[in-house]
Amino acid sequence: MGYAEILEVPCAFSSNGDAFAAHNKVPADGEDIETQFPIESFLPPDVLWARYKIFRGIEDKDQNLVVQPYYEDSSGKEARYYQVDAINRTIEAVANGQKRVLLVMATGTGKTYTTFQIIWRLWKAKAVKRVLFLADRNILVDQTLVNDFKPFGSVMTKIKNRKLDPSYEIYLGLYQAITGTSEEEKIFTSVSADFFDLIIIDECHRGSAADDAAWREILDYFTNAIQIGLTATPKETKYVSNMTYFGEPVYTYSLKQGIEDGFLAPYKVIRIDIDKDVLGWTPPSGMTDDLGREIEGRTYNQVDMDRILVLNQRTKLVAKRVMQFLLATDPYAKTIIFCEDIDHAERMRSAIVNAAGKLALDNPKYVMRITGDSVEGKAELDNFIDPESTFPVIATTSELLTTGVDAKTCKLIVLDKTISSMTVFKQIIGRGTRIDEEHNKYFFTIMDFKKATELFRDPDFDGEPVVIYEPDEDDDPVPPDPEPEDGEVNNDEVNEEPGVYKVRVSGVEVSIISERVEYLNAEGQLVTESYRDFSRKQIRTEFTSLNDFLQHWQSAKKKQAIIDELEEYGIVLDHLAAEVGKDYGDFDLICHIAYDQPPLTRKERANNVKKRNYFTKYGEKAKAVLTALLDKYADEGISTMESAKVLKLKPFSDMGTPVEIINQVFGGKDRYEQAIQELEQEIYNQDVSA
């Protein structure tokens, strides 16, 4: 029954293998709603189809349009269940004479593929001949042209050079390319008002809903065309309403439903509070900024950061924390850092370069600023979103990547931007929701420095849109320009307005005062935990008991494999060391945090091994190597001891080359690795015997 409700179909069936139970939402006169019948007496297709037509209000005259086949190619790709539902609802609405249709589908659920199938079926059924697909960014048009819409082939064109060639049937274009301030620029008027039978408005929340928007001029000109609006975030404000223009959505598929169904990537949130953001910063009396100007004597807080006040140490701290996370998980994980404006995006790019060090030296495109004013950055956008292209890894931006850009492999979204608009927030979060199994993308992380993720707790985050403004006939058709929602712009990117002066200050120390992890529970709610509690739960999920963990630890050929595995679940042991103590090794951190075991420092463990005279079974040279390895463990940890590069360092380099040490001192690689494993067992011996 639940599935029947989701799909809005009239019939539901259940069987125990002996007979069927059936529920019928459109019973004929005298017919029961719920019945049972034998296995061999299942209802024939024509009966089920008749019920479906009644339930969905499909007239016989419209049947051919509704049953028009989907496009199928040799890849065997099929529409997902919710896409089928969205396509069918739209086709049926058109068949019933509906001229304005709104589809609401969460980012990453395949709106463009769904749109293609809608157009294909209407076009093949000859219900429409000429179609216009409108978007407001070049990359959205170009992605659509070469990907989902490719089967249209030679009947399809992109509108460019301010010419609308009437010899095609499927047109894709930027609304900016077909409209303008002068009549000469409005090339859509070069064809008759009945030229297009169908207009698709992609990301329609970005302007088409406003009565005075440039898009509406196009829509009003082709008023007799079927118009379908697509959005992940229907905009409902005092003066802008998708629903007032398009009507109630014919179908809605939410982010929450997509995650529950397994089609969208779940996320975890790392909330990071910086002292000067939370506690505020008041400059000493008479203090000047980096340009020698006296700083206004007031308290600056989080809203001011990087908008009015630039604390250079804060930018460095954010960059360092981002790189710390990437280095602990995957330094090549695609990352988008959302900044306050272009200036902030450029400073963040520079700070990431410095924090990344060798990664940025080895490839200058490791991090790029991708903003509307950066020719070099925009030129790298295709590479950034290409799963097969390693570089750029990190993109700093403010507005350009908030919507429509299909960054399938984005694994980290960093919010260092004040966001109060729910529309903008949903679009930003949508950059990470796509799953890409081929590239091991199953979830993503949001690192929030500006409390933007508080919007997750807003009931409107995944709720139904509500119409706030429905104009009456007597209303002014062009309402006054509303104040733009915080963070929203209509252009790809805006430069700072002339005359804006930011207070820039170096030398003011900043620090992280707290971190919390939030994650989605089974009910789809965000649960907040301290990083310590989160790590404890994750470790105990992976290793159900202390004995279970000890067995895995001792049997692992390299302990680093277990550490890497935990980091994939978001557990960065360096962060736990900051809480418990930097002198403890990974093993003791795990045992202490997850299983309440009293920890020993690395030096204590190393000294215990030395007290047992463990090395007496080895020759002098092997003993010297293993003692030096034990000292490395005491100073730096297990990962250094296990590294193949450790033998290139002092004091090992004084004992011979790595090849000489392995072959001549230990008698080959296998015996060297065996000696390392036995040393590790001795380091943790007391825990195993316990």
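Predicted model: local features only at pLDDT ≥ 70, side-chain atom pairs only at ≥ 80, totals over all residues.
Reader: How many of the ten residues of H22 are buried?
Author: To count as buried, a residue needs under 20% relative accessible area. Helix H22 is mostly covered, and the number of buried residues is nine.

Reader: What is the phi of Asn613, and where does Asn613 lie?
Author: Look in the loop between helix H23 (602–611) and helix H24 (620–636), where Asn613 is found. Asn613 is exposed, because its relative accessible area of 52% is over the 50% cut-off. Asn613 is not a glycine, yet its phi is positive, about 55 degrees.

Reader: Is Arg162 buried, partly exposed or exposed?
Author: Arg162 is found in the loop between E6 and E7. Its phi is near 50 degrees, a positive value in a residue other than glycine. With 36% relative accessibility, Arg162 counts as partly exposed.

Reader: Which residue does Asp142 form a salt bridge with?
Author: Here is the general idea: side chains of opposite charge can pair when their charged atoms come close. For Asp142, the closest N and O atoms of the pair are 2.9 Å apart. Asp142 lies in helix H6 (residues 138–146) and its partner in strand E6 (residues 156–158), so the bridge ties together parts that are 16 residues apart in sequence. The partner of Asp142 is Lys158.

Reader: How many residues apart are Glu454 and Arg271?
Author: Glu454 and Arg271 form a salt bridge, with their closest N and O atoms 2.9 Å apart. This pair links distant parts of the chain: Glu454 is in the loop between strand E17 (444–448) and strand E18 (503–505), while Arg271 is in strand E11 (residues 267–274), a separation of 183 residues.

Reader: Which of these two partners is buried, and which is partly exposed?
Author: Glu454 has 38% relative accessibility, so Glu454 counts as partly exposed. Arg271 has a relative accessible area of 4%.

Reader: How many aromatic pairs does a search of the whole structure find?
Author: Let's take one example before the total. Tyr171 and Phe196 form an edge-to-face pair, 5.3 Å centre to centre and with 85 degrees between the planes. Tyr171 lies in strand E7 (residues 170–174) and Phe196 in the loop between helix H7 (175–178) and strand E8 (198–201), so the pair ties together parts that are 25 residues apart in sequence. The search of the whole structure finds 44 aromatic pairs.

Reader: Which residues gather with Asp382 in a patch of negative charge on the surface?
Author: Asp382 lies in helix H16 (residues 381–385). Asp382 is exposed, because its relative accessible area of 52% is over 50%. The residues that gather with Asp382 in the patch are Asp386, Glu388 and Glu438.

Reader: What is the omega of the peptide bond from Phe391 to Pro392?
Author: Pro392 sits in the loop between H16 and strand E15 (394–397). The peptide bond from Phe391 to Pro392 is cis, and its omega is near -5 degrees.

Reader: Where is Pro651, and what is the omega of the bond from Lys650 to Pro651?
Author: Pro651 lies in the loop between helix H25 (638–642) and helix H26 (652–655). The peptide bond from Lys650 to Pro651 is cis, with omega near 5 degrees.

Conventions. Residues numbered from 1 in each chain as written. Heavy atoms only, no water. Patch = residues over 30% accessible without salt bridge, like charges linked within 9 Å, V, L, I, M, F, W, Y side chains within 5 Å. Areas by Shrake-Rupley, 256 points an atom, 1.4 Å probe, with all protein chains shown as cover. Salt bridge = Lys/Arg side-chain N within 4 Å of Asp/Glu carboxyl O. Lys, Arg positive; Asp, Glu negative; His and termini not counted. Charge placed at Lys NZ, Arg CZ, Asp CG, Glu CD. Helix = DSSP H or I, 4+ residues; strand = E, 2+ residues; numbered from the N terminus. Buried < 20%, exposed > 50% of the residue type's maximum accessible area, 1.4 Å probe, protein only. Phe/Tyr/Trp six-rings, centres within 6.5 Å; stacked < 30°, edge-to-face > 60°.
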